[in-house]
Amino acid sequence: MTDRHQVNLSTCTNCQNEIEVSQNWTAGGMNDCGGWVLKCSACGYIFHYRLGRDINDSSVIRGATIQDAYDDAVGNKEDVLKKYGLV
C-alpha cells in the first residue's frame, strides 16, 4: 500500500529531454533509500538520479530507463556509480 505518491519532472542534463518519475513512499516499508543510474531515451546519456526513499516501489514513467539502482543501507552507491563512470 502506498501512503504517498508524487510525480517528479526532471530533465536530462545532456539534451534537456523531460523525464517523469513516479515516486512512492510506504509508511513502515523497507528503508530502501537510494538512487538510480538512468539512460535518457532521447540521447542515450547515462546519469545519476538521487531518488530518496522507496527506490523499489518507484518507477520511471517516461523519458529514461533505469540501468541500475543502489541502496544506501547496502552501501553500494560508489560501486554502482563507478560501474557507469559517474564518480
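Q: How many aromatic pairs does the structure hold?
A: The structure holds two aromatic pairs. Before we look at them, note that this is a predicted model, where local features need pLDDT of at least 70, side-chain atom pairs count only at pLDDT 80 or more, and totals for chains, interfaces and linings use all residues. Residues are numbered from 1 along each chain as its sequence is written, and side-chain values use heavy atoms, with hydrogens and water left out.

Q: Why is the pair of W36 and Y49 called stacked?
A: Rings of Phe, Tyr and Trp (its six-membered ring) pair if their centres lie within 6.5 Å; planes under 30 degrees apart count as stacked, over 60 as edge-to-face and the rest as tilted. The ring centres of W36 and Y49 are 6.1 Å apart and their planes meet at 20 degrees, so this pair is stacked.

Q: What makes this a link between distant parts of the chain?
A: W36 belongs to strand 3 (residues 34-40) and Y49 to strand 4 (residues 46-52), 13 residues apart. Strands here are DSSP runs (E, at least two residues), numbered from the N terminus.

Q: Are W36 and Y49 buried or exposed?
A: Buried means under 20% relative accessible area, exposed means over 50%, and partly exposed lies in between (1.4 Å probe, protein chains only). W36 has 2%, so W36 is buried. Y49 has 12%, so Y49 counts as buried too.

Q: What kind of aromatic pair do Y45 and F47 form?
A: Y45 and F47 form a stacked pair, with 6.2 Å from centre to centre and 15 degrees between the planes. Y45 is at 35% relative accessibility, so Y45 counts as partly exposed. F47 has 7%, so F47 is buried.

Q: What makes up the largest nonpolar core?
A: A nonpolar core is a set of buried Ala, Val, Leu, Ile, Met, Phe, Trp, Tyr and Cys residues joined through side-chain atoms within 4.5 Å. The largest one has 12 residues in all, including W36, F47, Y49 and L51. Strand 2, strand 3 and strand 4 each supply at least two of its residues.

Q: Which residues does L51 contact, leaving aside neighbours within four places in sequence?
A: L51 is in contact (heavy atoms within 4.5 Å) with V21, Q23, G34, G35, W36 and S58.

Q: How do you know that strand 2 and strand 5 pair?
A: Two strands pair if DSSP finds at least two bridges between them. Strand 2 (residues 18-25) and strand 5 are joined by three bridges and run antiparallel, so they pair. V21 has V60 in strand 5 as its bridge partner.

Q: Why do strand 1 and strand 5 count as edges?
A: The open sheet has three strands in the order 1-2-5, with antiparallel pairing. Strand 1 (4-11) and strand 5 (59-62) each have a single partner strand, so one side of each is left without a neighbour in the sheet.

Q: What joins the side chains of T11 and Q16?
A: A polar contact of 3.5 Å joins them. Such a contact is a pair of N or O atoms within 3.5 Å; within protein, one must be able to donate a hydrogen and the other to accept it, and residues adjacent in sequence count only if both atoms are side-chain atoms. T11 itself has 37% relative accessibility, so T11 counts as partly exposed.

Key
Helix = DSSP H or I, 4+ residues; strand = E, 2+ residues; numbered from the N terminus.
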